[in-house]
Amino acid sequence: MMTPGYYESPQNYSYLNFRLQMPFYDHSKNQYYSFNQGKIHFIAINYLFYKTEQEGSDKQKDNANRMYQWVKNDLATANATRDYRPWIVIMSH
């Protein structure tokens with residue numbers, strides 16, 4: 001599993017998206033996703049995602065809001081199963 005970052009952003013992540021598709025790809029295009037492995041819930045985010053559009057643009061704000069809402073909902077869902085899966089790991093590039 002991977003998280004995109006600075007080196008993929010100059011090509012608008014197109015090289016990365018051409019080669020790999022992480023979970024939740026249809027919604028986030030590899031910018032954020034989560035998965036479970038054993039007793040661990042992993043959350044992967046691209047902290048640069050909200051910066052891929054012009055600073056202050058509506059698109060940038062929409063990207064940031066979508067990722068924020070998704071992370072918030074994902075954490076709430078993961079928290080509901082903490083008895084079974086006590087570990088939550090957030091990773092970024």
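How many aromatic pairs does the count come to?

1. Basis. This is a predicted model, in which local features need pLDDT of at least 70 and side-chain atom pairs count only at pLDDT 80 or more, while totals for chains, interfaces and linings use all residues. Residues are numbered from 1 along each chain as its sequence is written, and side-chain values use heavy atoms, with hydrogens and water left out.

2. Aromatic pairs. The count comes to three aromatic pairs. Rings of Phe, Tyr and Trp (its six-membered ring) pair if their centres lie within 6.5 Å; planes under 30 degrees apart are stacked, over 60 edge-to-face, and the rest tilted. One of the pairs is Y32 with W70, which is tilted, at 5.1 Å centre to centre and 45° between the planes. This pair links distant parts of the chain, since Y32 lies in strand 1 and W70 in helix 3 (residues 58–79), 38 residues apart. Helices (H or I, at least four residues) and strands (E, at least two) are DSSP runs, numbered from the N terminus.

3. Burial of that pair. Buried means under 20% relative accessible area, exposed over 50%, and partly exposed in between (1.4 Å probe, protein chains only). Y32 counts as buried because its relative accessibility is 0%, and W70 because its value is 12%.

4. The stacked pair. The ring centres of F35 and F42 are 4.9 Å apart and the planes stand at 15°, so this pair is stacked. Both F35 and F42 are buried. Ring pairs also join Y33 to F35 and F42 in a cluster.

5. Three strands make an open sheet in the order 1-2-3, with mixed pairing. Two strands pair if DSSP finds at least two bridges between them. Strand 1 and strand 3 (87–92) are at the edges with a single partner strand each, so one side of each has no neighbour in the sheet. On average, neighbouring strands are turned by 20° against each other, direction ignored. Axes here are lines fitted to C-alpha atoms, for helices over the stretch in contact, and angles run from 0 to 180 degrees between N-to-C directions.

6. Strands 1 and 2. Strand 1 (residues 32–37) and strand 2 run antiparallel and are joined by six bridges. Y32 stands opposite I45, and Y33 has A44 as its bridge partner. The hairpin of these strands has two residues between them, and G38 in this hairpin takes a positive phi near 60°.

7. H41. This residue sits in strand 2 (residues 40–45). Not counting residues up to four places away in sequence, H41 touches residues including F35, D74, A78 and W87, where contact means heavy atoms within 4.5 Å.

8. A78. Leaving aside neighbours within four places in sequence, A78 is in contact with H41 and I88. A78 and I88 are ten residues apart in sequence and 7.6 Å apart in space, C-alpha to C-alpha.
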